[in-house]
Each structure stands twice: as C-alpha cells, then as structure tokens.
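Work through the exercises below with the sequence and the model open. Each task is followed by a solution in steps.

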Amino acid sequence: MSATNPKDVPLQVDILCDKLRRRQVFGSYNVAMETIKLIRTVVSNSKWSSATKIINTIKDTSKKLSAAQPIELAIKNITGRVLHLIRQEYELKYPNEHEYQGDPVLYRYLGGDKQSKLDQNCYNLKSNIIEGIKEIIDELESSSHNISSQALEHIHSNEIILTIGKSETVFTFLKEAARSRKFQVIVCETAPFFNGHEMAKLLAIEGIETTLITDSAIFAIMSRVNKVILGAHAVTGNGGLVAITGSQPVALAAKFTGTPVVVCAGLYKLSLKYPYDTDEFYMPMNPDSAINFENGDLIEKVDVVNPYFDFVSPDLVSLFITNV
Amino acid sequence: MSEQINGPHQSNKSKKKIQTQNMTKAERRELQEKQRAEKNQKKQENTQLNLAQQKKTQQLASSVSSLDLNRTSQPNQLSASTPNIRKPPAQMRQDDPKMVKKIEKTQTVQRIPVQKPVALFSHLTQYEKPQSNLAQDIVHPSIISLGLKFSEFVIVGGNARCIAMIDVFKKVIHDYVTPPGSSLIRHLTMYLGKQIDYLTSARVLAASMKSAIRHLKSEISILSIDLPDIDAKEKLYDELDNFILKNITIADQYIVHQTLQNIHDGDVILTHARSSVVLAVFQAAYDMGIKFRVIVCDSRPKLEGKELLKRLVATGIPCTYILSNALGVVMKEVTKVIVGASALFSNGAVMSRAGTAVVAMMANEFQVPFIVCCETYKFSDVVRLDSFVWNEIGDSDELLDLTNSEPSSKLPSVVPTLTNMQSNASMIRRSEWRNLDSLGILNLHYDVTPSHLVTMCVCEIGIISSTSVVTVLRDLLEKKE
C-alpha cells in the first residue's frame, strides 16, 4: 500500500469520504474530530489567497463528506463553526467592509455580499484560522469533561436513573457523579445492537449499581425511575433528537409517568437541520441482527425493519446539558 | 415463703412471683378464675370466627375469590380486638425472612434462591434454574415431565399450558387409587395439591391454569360421596373436557368471529409476541379473503414473535418483522393493534408478555386502537396496579445469549446444532456478570398494561371495555349459583 501523503488534500478528502461511507468512522464525536482535522489540513495545505476561496473550498469538502454519510450531521455543524470562525477573523482584520450595518446574514442573503469583499490579502489570516481551529478541537476534546462537571447538579443520592445504549458523554457524566454520590442505574440493552450491554459492563466496573433490562421492560420499570438520561447522535433544528433506536419508547414512557428526560449533548451535535421528514434519520441496518440467515426461508418472504437511530420529538425532552 | 434478696433491678418474672406469693390464697383463686374465664371467652370468639370463616370459604369455594392457592398462612386470628389483617400471598413476601423460612418448610420441592436478586423485586421469588433431578415419590411421572416442559419453555402460552395441564391431570386421576380409609373427595384434592406444588416449582402457574385448577377442585368437592371411584373419575374426565371445550375451544371461535368484524381490507395490523387466539384471528381473516398485512413486534429474550411469523408466512399473509425498538418507525402505518393476554384484572389492567405495555403506549401516542383478545376464564378478581406487584422473574443468563434464534431452535435436542458463536468482545460472559458485584440482570416475563391504554377487549361474551371485567366476573358467579 502506497504511503498516503498527508499534504495531498484531495486524497485525504477521499480517504475520509471512504471511511465515512464504510462507517469506519462512526459516531458524532469521531466524525467531528476527523472532519475538523481534515479541515485543518485543507486550510494549511491548499493554496488560497483570499478568504472567499478557502470558504468555498471548505464548503465543497463538507458537501462531499456529507454526501458520503448523510446521517452524520456533525459534519455540517463543524463546517459551519469553521466558516463562522473564518468570517469572524476576517471581520477582525478588516472591519466595516460593507455599508450595510445591519444584519450581515440577511444582507448576504439578499445578494449584497455575493461577490464577497473577503478578497483582501491575508497573511496572518491563515495562522489565525489554524489557531481558531485548534480552539475548536480543544473544545471538542473537553466537551464530555465539561458536561460531566455538571453531573452533581443533576444527579442526587439514591436516585434510579434510566439510560439506553452506550454514550461516551453519558458514561463520563455518570462516572463523575458516582465519585461522590450513590445512585442506581438501569440500562436498557438496545437490542439488536446491544450497546446497552457494553454500557452496563462499564458502569458496573466503575462500581455503580447497575441493572440490565430488556427493551420490553421499559414501561414496566419506568414507574420506579427518577430520571432518564439519554445521549444523542445529533440535535435537530427544532430541538428534536436523533438518538439510538429505542430512545423514543423510553422518552414516551417517561412522559407517561412524568419522569424528566435529560439529554447530554456536546455543542458539536447541535445542527440546523430541520426534521421535515423524520424517516430520513432512521438509518436502516441489515436485517441480520433481527432475523439471521438461519431462517433463510423466512427472510425472503418478510420485510424486516431494523433502524439504528430513532427520532425523539422535542416536547419529550426536559433538559439539554451541553458543554457551554 | 422464703425471703428473696432482691437487688435494685428485678426481672418482671420474679416481680410477678413475689406478687403472687404475697397474695392470700383467696386472692390467688380469684386471679385464676379470672384468667380461666378470659381464656374461655377467647376460645369462643375464635371458634365463632372460624365458623364464619368456613361459611365464607364454602360460599366462595367455586368462585374466583382468591387467585393464589398457595396461601400458606391463614388470615391471622390473634384476638377479637385486632381486625383480620389481609396479608399478601406468601409468594409476594420473599423479603420477609420469617416468611421465607416458613415457605421452605412447607415446600414440596426445594429450590435454590438466585445468587444476585434484583433489589426492586426482592419481594418476589427469584430462583435459579430448577434442577432436573427432583424425583419425588408423591409426584406422578407425567407431572414431572410436564414440569420439565414448562421450565424449559417447551410449552408456553396461557391456553397451551392449561390444556397440557388438564391432559396430564386426566392421566393422574386415571392412575390415582384412593388409599384405604379415606374418600376420593378428600384425598384426591390433597394429592392434586402436591402435583400442583411441583408444577409451581417448575414454573409459576398462569392465570388460565389457576382458573382450571379452581374449577377442578370445586368439581371434586361437589362429587357425591356415594359415587364409586370409577364413576367419579369418569365424571371428572367429562368435566375437564367440558372445561377446555367451553372456555378455550368454543370461546376462541367466538372471539375470532367477533374480531373479524373489525378487520377490513387494507388494514395494517400490529401484534406483539405470540398469542394463539390472535393467530387464529389472522388465519380466519386470510381465509375470508380480507386483504391485510401484519407487523409482528417481537421482544427479547424469548423472541416468540418469530414463531408467529413462521406460521403467518406459511399461511401466506404478508408480514413485516420488527423488534420493539423500531416501533416508532412503523407505528404511523399501523391501523390497529391486536394482542393476546395472559390475564385481565379487576381494575382493567392487562397482564401479557413483557413489551406489550410498550406497544400499547406507542399505539396510544399514535392514536391507534389497541384490541386485546382474551377468554373469560383468564379474568381475575385481583387488582394489579403496575408490573411490580407481581411478576415472573426469569433466568438472567437468558439475556446474555445474544444470538437472536427463536425458541424452537433453542430446544434441547439429541443432535448438536450449529450455533453461531458471536465472540463479541463487548458481550458480557456468564462468568463475568456473576463476578461483577454491581451488575444485576433483570429478565421480566410479564408486564401490566394500564386500562386506559386499552381500547377494547374481545371475549366470548362480546366486546367489552377492559374495566368491565368485574361485572363479567360477577355475572359468571351469579350464573354458577
């Protein structure tokens, strides 16, 4: 295998696209990190002389990445952050470039800024942008730490907490709380992917009193639960969640018994995408995990619906905990 | 009278002794008379209570007064002043160590309590998987084999277990010989009680089975004492057959007939796990030529929905298969939900396979009617508010089996079958979870769906709302008397 040149920008973009397509890079945190590192490569290694050019390059890159894996909303989020950063840096250098003093977004939309005045020569812009990107990376890395530092405000002693699936954020959140408080956690096993099993094992190793239950027992158990803590893959424009499958029954059962639902999500998961059609978030997986090929004669006659994600509507969530 | 040198701290007993010693003979006699009179009074009141109790139990002998036949403690009759404290059945008081000891003494079969009981359910029995070497002298061999079938989940489902049990009871009654010096009526009930204890130890009785047992016991008790054994047995066989015919076979036909009137062309019907009645409904609807499709929702670890799926596919009905996590995706296409039940309670709650409540909740959210098909013999006069009051806690190791094979492929067979070994590093192994102190695994078999999530209930006397269970039971009771 030929050595990949890290400075070869189009190649790096293609490599990441492939990884996304094959789901070798999966999960909003991993995707966000890889995206921002790629953008850093693009910024530092591609030739650009004006802010417009680099903005367009980054936009193209992000389009390619999103097309590879549309469910990864984190790509667009991170891109948006970087573009905003670039425009900010430019404003700092060349303030008051345009006559329109009001809302620059509206101005740009109305066509005022199309042939962007971001054409001024920028020597230090590159280094400023790289610095800004580094800050974004730092924020990403510390997001779950920042979220977990708020754990003690939300988890009290002798609470019974329900969670589903395996979320790094929720795990650090609970671990942090367990250092000073005693509480119990009930984990739903999230068949057929069984992320819940991993989560239960990890929590038990930390010494937290954990109980593993099947997804079918969610309603039965809910009357004893004090709080539901969910992780999210992404948060949509109206506040709805894209979370692991099974989250919707959990959130609904919580609404039924009046249990508060708390979502731990880093800011990089917040997306502008408005969920007009919730079906596009489900990401159907292969039916093997639901019915395997041992029942070959069944599979050819039966439709199997096996989504990986669920959409939870915003009225079911009580609280978002983020790293800001 | 000897003088006792008393220290400053005397025990009550010695105090009393001294008191009686100080009283004169006459006073002592008075005290004795008073105590004797009190004792007699207490005795009288006790016998009165006993008589009242007996009368009450006789009246309600054939009724549905008590679901639980394993009540080991009589209602307390401490004294006339304290009212009768109604204690929950012994099965629901496992967190009381005295109760546990008491049960252990009276049990026909000794079982090992589970290694790591789940705290939320510490009031319920949690046993390890039963050992198969329990050869009791008093238990009939076909009962032992039936118990094994129950505990290995070879026979599942309210109707199936009830029919299997009745068939075995016929054999048991056939082989039964009244011991000399006793009558069939008295002794057979006791003998059957031992068999039932064994079955309970294999797996907790379903509401359908309890109903059948109650009926059988009442039939035995009203047998005429002059009837020769052979005739009595014949009568019992007939009664048992009638029970199945009336309460299961014909009832199911009625239910199918009534549910069919609600199924139309273009329907998308969701069902959960596997119910014999619902399968019959679907097959009848298909035979009538109605164009509909079925979505089978399944739940771990039993995965009984796969069995239903096989049968539906064999019939030719277009099906979709999902696990309960995908309910949010499919529910918007569903036009109605039809499920079976294990029992229906007096407050209108439905006890069914775990996961039915999740389906009911989702159906409610999407405003899809939720129909329960249940025969009247599964109705119970007990009130259950949630799934914690009583539940069957299964083997925790079942959850660790991540292969999604259906029950029929898990049956013990002579020929070793190929099992796909998923060696997933994150999978929890059996040894691991027992060593991890903080990790508990809960495997609930049943759950209780609250009545307001149930749109209607179809039983053989018609379509009723689930809250009308009490009325139906009262009617049946009046009919019997």
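**Exercise 1: A pairing between chains**

Task: State which strand of chain B is joined to strand 3 of chain A, and in which direction the two run.

Solution. Strand 3 (residues 209–213) of chain A is joined by three bridges to strand 8 of chain B, and the two run parallel. Helices (H or I, at least four residues) and strands (E, at least two) are here DSSP runs, numbered from the N terminus. Two strands count as paired if DSSP finds at least two bridges between them. Strands of a sheet pair through backbone hydrogen bonds, either parallel or antiparallel.

The model is predicted: local features need pLDDT of at least 70 and side-chain atom pairs count only at pLDDT 80 or more, while totals for chains, interfaces and linings use all residues. Residues are numbered from 1 along each chain as its sequence is written, chains are lettered from A and ligands numbered from 1 in the order in which they are written, and side-chain values use heavy atoms, with hydrogens and water left out.

**Exercise 2: The interface**

Task: Describe the contact of chain B with chain A by residues, buried area and polar interactions.

Solution. 

Step 1, residues. Chain B contributes 57 residues and chain A 54 residues to the contact, where contact means heavy atoms within 4.5 Å.

Step 2, area. About 4600 Å² is buried between chain B and chain A, and 64% of it lies on carbon and sulfur atoms. Buried area is the accessible area (1.4 Å probe) that two parts lose on being put together, summed over both.

Four salt bridges are counted between chain B and chain A; a salt bridge is a side-chain nitrogen of Lys or Arg within 4 Å of a carboxyl oxygen of Asp or Glu. B:Arg300 and A:Glu189 form a salt bridge through their side chains, at 2.7 Å from N to O.

Step 4, elements. Those of chain B that each supply at least two residues to the side touching chain A include helix 10 (305–315), helix 12 (356–365), strand 8 (439–441) and strand 9 (446–449).

Step 5, composition. That side of chain B divides into 35 nonpolar, 13 polar and nine charged residues. Here Ala, Val, Leu, Ile, Met, Phe, Trp, Tyr, Cys and Pro count as nonpolar, Asp, Glu, Lys and Arg as charged, and the others, Gly among them, as polar.

**Exercise 3: A sheet in chain B**

Solution. Two bridges join strand 5 to strand 6 (residues 350–353) of chain B, and B:Ala343 has B:Met351 as its bridge partner in strand 6.

**Exercise 4: Backbone exceptions in loops**

Task: Locate two cis peptide bonds and two residues other than glycine with positive phi.

Solution. 

Step 1, cis bonds. The peptide bond from A:Ala191 to A:Pro192 is cis, with omega near -5 degrees. A:Pro192 sits in the loop between strand 2 (184–188) and helix 9 (195–205) of chain A. The bond from B:Arg300 to B:Pro301 is also cis, with omega near -10 degrees, and B:Pro301 belongs to the loop between strand 2 (292–298) and helix 10 of chain B.

Step 2, positive phi. A:Thr190, with phi of about 45 degrees, lies in the loop between strand 2 and helix 9 of chain A. B:Gln367, with phi near 55 degrees, is in the loop between helix 12 and strand 7 of chain B.

A:Thr190 is buried at 0% relative accessibility, whereas B:Gln367 is exposed at 72%. Buried means under 20% relative accessible area, exposed over 50%, partly exposed in between (1.4 Å probe, protein chains only).

Note on methods: A polar contact is a pair of N or O atoms within 3.5 Å; within protein, one must be able to donate a hydrogen and the other to accept it, and residues adjacent in sequence count only if both atoms are side-chain atoms.
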